[in-house]
Amino acid sequence: MSSLAISTKPKVRLLGIYAVAYLIFIYAPVLFLPLFSFNDSTFIAFPLKGFTTQWYVEAYQNERLIQSLMNSIKVGVPVAIVSTIFGTFAAKAVIRYRMPGKAPLVSFIMAPLVVPGIIVGIALLVIINAVGLDLSLFTIGFAHLAPCTAFSMWIMISRLEGFDQSLEEASLSLGEGAWMTFWRVTFPLILPGIIASLLLTFTLSFDEFILAFFLAGQEPTLPIYMWSQLRFPAQLPPVLALGSVILLASFVLVYIAEWFRRRGTHSQESGGV
Amino acid sequence: MQDDAFISIQEVSKSFGSVHAVKSVSIDIARGEFFSLLGPSGCGKTTLLRMLAGLEYPTAGEIIIDGQPMSAVAPNRRPVGMVFQNYAIFPHLNVRQNIGYSLRRDRLPKAKFNAKVAEMLELIRLPGYEMRGAHELSGGERQRVALARALIRRPKVLLLDEPLGALDKKLREQMQLELRALQRSIGITFVFVTHDQEEALTMSDRIAVMAKGRTLQVDSPTELYEMPQNRDVADFIGTINFFDAGVREVDDGRAVIDAGALGMLSAPLRKQDFASGEQVLAAIRPEKLVISFEEPAATNRVKATLDTAAYLGDRSHYYVRIGGLDRPVAVSAQNLHQADSLTDGASGDIWLSWASDAVVLLPGDGAAASPQHALAS
Amino acid sequence: MTSSQSHGTLSVAAEPAAQGGRLGRLRRLYLRSEALRGYGLLSPTLVLMLLSIGAPLVLLLMLSFWTQDLLEITPGFSLDNYATFAEKENYQKLLWRSLKISGFVTILTVLLAYPMAYFIAFHVKKNKFMWIILITVPFWTSYLLRVFAWKIVLGYNGVINSGLTSLGWIEAPLEFLLYNPFAVVLTLAHAWAAFAILPIYVSLEKIDKSLLEAATILGDGPVMRFFRVTLPLSMAGVVAACLLVFIPTVGDYVTPALLGGPKGLMIGNLIQLQFAKANNWPLGAALSMVSLLSITLIVCAFLWFTKRVRTQGL
């Protein structure tokens with residue numbers, strides 16, 4: 001923001017004002033969730049009635065809600081770990097080795113990020129049905145692996161792009177094999193990227209709705225539970241409270257992740273967006 | 001392959017897709033030798049070094065180190081150490097951890113480990129640097145740490161990829177001497193890649209001159225300089241004057257040649273034999289030509305005019321015109337006395353003379369050319 | 001140095017055993033072939049993608065050719081489901097509307113995002129990093145909650161209506177805010193903003209600033225310079241942004257379901273219906289395939305067009 005004050009040209013100032021307006025456009029709607037979550041009224045409307053933490057207490061005491069929260073964590077943690085491992089290896093392969101057909105393979109891995117979620121969701125539903133598996137948290141987790149792995153690969157590619165190959169070669173020439181070289185040289189140096197990938201893929205899985213919507217069995221994840229509550233206006237305030245907590249948690253996780261992701265590559269300025 | 005070859009590179013080629021980086025190179029390197037790969041960038045010298053390290057694998061051919069074929073040996077199982085061009089100091093480790101990196105598998109007690117690292121730091125004259133971070137080191141210090149790290153397990157061969165390129169001139173010259181002294185004291189075979197001919201000449205026992213993926217000549221520095229085998233080597237190492245000539249007579253290790261404007265000359269036949277009637281190049285280094293104002297007594301002499309002169313302090317460079325030659329001839333002379341330099345406006349007729357052993361005969365390739373390198377370099 | 005040599009034996013000696021035989025050959029091949037090592041590292045991810053995207057989509061395609069009578073699904077090859085789509089004008093309208101809405105969303109998102117990306121790339125000097133984080137952070141967080149937030153803003157008793165009412169500016173709540181295509185377009189444009197900003201920002205950031213200076217010295221004013229240098233050089237980012245927004249939004253389910261109302265429903269809602277209440281999976285599969293095909297055709301046409309514009313001009 002500080003640069004706004006420095007620029008004196010009217011055109012630049014106009015662009016600066018636009019940028020601030022854009023940020024408001026991005027943030028304002030989301031900020032109404034916490035605002036109304038503290039409002040002492042079952043109606044989500046102005047004028048505000050008064051301050052209360054009642055909805056947070058209600059949300060906390062709702063067993064089904066807490067259970068679905070636990071379910072989301074149960075899915076998100078393994079998904080984050082597995083997809084980050086897959087994504088890191090894939091990114092390493094893409095950055096390090098000359099391979100024929102690399103570009104189409106990368107596009108294929110990135111596909112889950114663009115193919116409409118609903119189509120992926122029903123396609124998975126069909127195949128899981130055909131194989132005869134029961135819908136469960138496991139099927140949700142499996143569905144989350146593809147987009148999370150694609151994201152992880154993307155994050156790790158931007159991390160590995162600035163990686164000095166000769167460091168690994170030095171380790172090899174000093175007698176360490178590929179595996180120990182990874183643990184002693186590569187891993188410590190890309191650790192910030194790995195932490196970022198873990199946090200972001202966890203957030204992605206934790207907040208994912210459409211795949212879980214088709215693939216959830218008897219145990220709903222948190223977004224599925226919230227979706228079921230959105231139809232009942234009386235249930236809205238606790239959902240708002242819950243949503244605010246999730247937003248805050250996601251913001252914190254993502255902020256830490258981005259901080260890690262850009263640490264070290266920061267000097268390249270544009271590096272790894 | 002020589003029987004005593006410690007490293008034997010046998011008809012090794014390497015292609016990256018359609019680019020042929022190294023083309024059927026064969027070199028034998030003896031144990032304990034300081035061997036340099038010299039050539040311009042892109043000549044394949046670094047690729048060859050990386051193949052010795054196992055960081056690249058030959059497309060064809062075989063590399064044998066100490067009797068073992070290397071084609072199925074991973075880099076971490078080769079008896080080689082390597083110093084990288086950018087030193088590749090691990091940024092997340094301190095100096096002690098960097099130097100002791102390869103000792104992990106020995107599971108030494110801490111005191112022993114520290115002692116070994118301290119010993120290496122003594123060797124590279126950086127005692128007490130153990131706890132420095134990688135970022136706190138200067139260029140020269142990084143170079144030494146990389147050296148210590150590569151040497152701590154005493155590899156049979158140390159590979160160095162332009163390790164002095166990043167240092168400034170003074171430090172580079174100092175490190176050249178230090179490296180050479182270190183190599184002599186520990187007796188490990190060094191394979192050294194450089195594009196700097198002076199560096200290669202100063203340090204090496206033998207040098208392979210490379211261009212476009214091939215070796216042009218493998219010889220000692222003196223032989224490379226005094227007896228280049230072909231025009232490219234003569235041209236790449238130092239400065240040299242070429243004259244078209246035809247062989248008239250061959251007798252008892254000497255040839256009589258007709259060098260046009262220089263007249264009939266006698267030149268020694270050294271590494272190559274030429275037959276009477278063959279077209280050759282007569283090459284003379286600038287410092288082997290002597291300038292004088294009066295007609296000298298030497299048999300090999302020619303009248304010339306001074307064209308341009310450059311004063312360089314310890315010596316002067318002259319370009320001299322000889323009647324019947326379209327290109328000037330380069331001459332370099334030591335300024336032994338204050339009055340020696342011809343640069344203060346002196347011009348006009350002079351004499352050039354040279355000892356008959358100063359002429360090197362090379363296979364002819366048509367037109368002669370003036371020196372390719374500016375003398376000032 | 002001398003005492004360290006007491007340890008002299010090298011553990012890095014070559015293994016003679018690895019030389020001969022098939023194992024040696026395999027080992028040699030593996031060491032020599034970078035591609036092989038690369039594929040090795042990539043293979044777990046490729047297998048995962050084949051299992052979780054490739055195979056399901058192939059099965060979905062097969063399913064779209066099967067038929068269903070009441071609850072009985074008959075495998076085979078039949079175009080009945082596609083015929084149903086061709087007969088039902090409502091279905092076609094819904095797909096057409098989805099493509100139109102996504103088209104509007106794409107244009108709106110990219111137009112809104114470009115100045116923002118431009119600002120960060122060229123005018124933010126100190127805290128670029130902060131700005132990028134500010135832009136990205138909301139988009140990692142719950143899509144469902146972000147869409148729901150708009151329902152709170154635009155609803156009958158929502159932020160805008162109740163706010164304006166309590167200020168006394170309007171008598172009765174504005175009904176045109178929610179449950180129509182406009183609400184869907186606005187919400188989607190908000191939800192996918194980062195997907196447009198980031199690729200455009202990256203392409204702008206890559207532009208060599210001296211090119212802009214060169215254009216200025218050659219006599220271009222700021223406007224001409226933008227259209228003749230900056231915009232063409234950032235086109236790759238704009239094209240990527242268009243694809244990243246258009247493709248996923250065509251099949252969006254949550255936004256039209258929450259904010260669209262009957263007039264704002266999209267093809268995703270119809271597909272979902274086939275897998276839920278209507279329980280006609282083969283028809284749902286066929287609708288998915290038709291959607292994917294239309295998206296693919298439009299994307300190809302778009303790419304062909306932009307390539308033509310870039311190479312030959314309009």
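Modeller: Start with one residue pair in this predicted model. Gly246(B) stands opposite Gln279(B) in β14(B).

Biologist: Which strands does that part of chain B join, and by how many bridges?

Modeller: General idea first. Strands of a sheet pair through backbone hydrogen bonds, either parallel or antiparallel. Here, strand β11 (residues 241–251) of chain B is joined to strand β14 (residues 279–284) of chain B by 6 bridges. The two run antiparallel.

Biologist: What is the strand order in the sheet that holds them?

Modeller: Read β13-β12-β11-β14-β20 in chain B. These 5 strands make an open sheet with antiparallel pairing.

Biologist: Which strands stand at the edges?

Modeller: β13 (264–268) and β20 (360–363) of chain B. Each has a single partner strand, so one side of each is left without a neighbour in the sheet. On average, neighbouring strands of this sheet are turned by 45 degrees against each other, direction ignored.

Biologist: Now the sheet with β15. What is its order in chain B?

Modeller: The order is β15-β19-β16-β17-β18. This is an open sheet of 5 strands in chain B, and the pairing is antiparallel. Its edge strands are β15 (290–292) and β18 (329–334) of chain B, each pairing on one side only. Between neighbouring strands the average turn is 45 degrees, direction ignored.

Biologist: How many bridges hold β17(B) and β18(B) as a pair?

Modeller: Count 6 bridges, in the antiparallel sense, between β18(B) and strand β17 (residues 315–321) of chain B. For a residue pair to find on screen, take Arg315(B), which stands opposite Gln334(B) in β18(B).

Biologist: On to helices. What describes a packed pair?

Modeller: Two packed helices are described by the angle between their axes and the distance between the axes. Take helix α6 (residues 143–154) and helix α8 (residues 181–191), both of chain C. They pack at an angle of about 135 degrees, with axes 10 Å apart.

Biologist: Why is α6(C) called oblique to α8(C)?

Modeller: Angles over 145 degrees count as roughly antiparallel, and 65 to 115 as roughly perpendicular. An angle of about 135 degrees therefore makes α6(C) oblique to α8(C). The crossing of the two is right-handed.

Biologist: Which residues of α6(C) and α8(C) meet?

Modeller: From α6(C), Tyr143(C), Arg146(C), Val147(C), Trp150(C) and Leu154(C). From α8(C), Ala183(C), Thr187(C), His190(C) and Ala191(C). By class, this contact has 6 nonpolar, 2 polar and 1 charged residues.

Biologist: Last, how many residues of chain A are in contact with chain C?

Modeller: 81 residues of chain A, in contact with 76 residues of chain C. Helix α2 (residues 10–37) of chain A gives the most to the chain A side, with 15 residues. That side has 63 nonpolar, 12 polar and 6 charged residues.

Note on methods
Residues numbered from 1 in each chain as written. Chains lettered and ligands numbered in written order. Predicted model: local features only at pLDDT ≥ 70, side-chain atom pairs only at ≥ 80, totals over all residues. Contact = placed C-beta atoms within 7 Å. Helix = DSSP H or I, 4+ residues; strand = E, 2+ residues; numbered from the N terminus. Nonpolar A, V, L, I, M, F, W, Y, C, P; charged D, E, K, R; others polar. Pairing = 2+ DSSP bridges. Axes fitted to C-alpha atoms, helices over the stretch in contact; angles between N-to-C directions. Parallel < 35°, antiparallel > 145°, perpendicular 65-115°, else oblique. Left-handed = near helix turned anticlockwise from the far one by under 90°.
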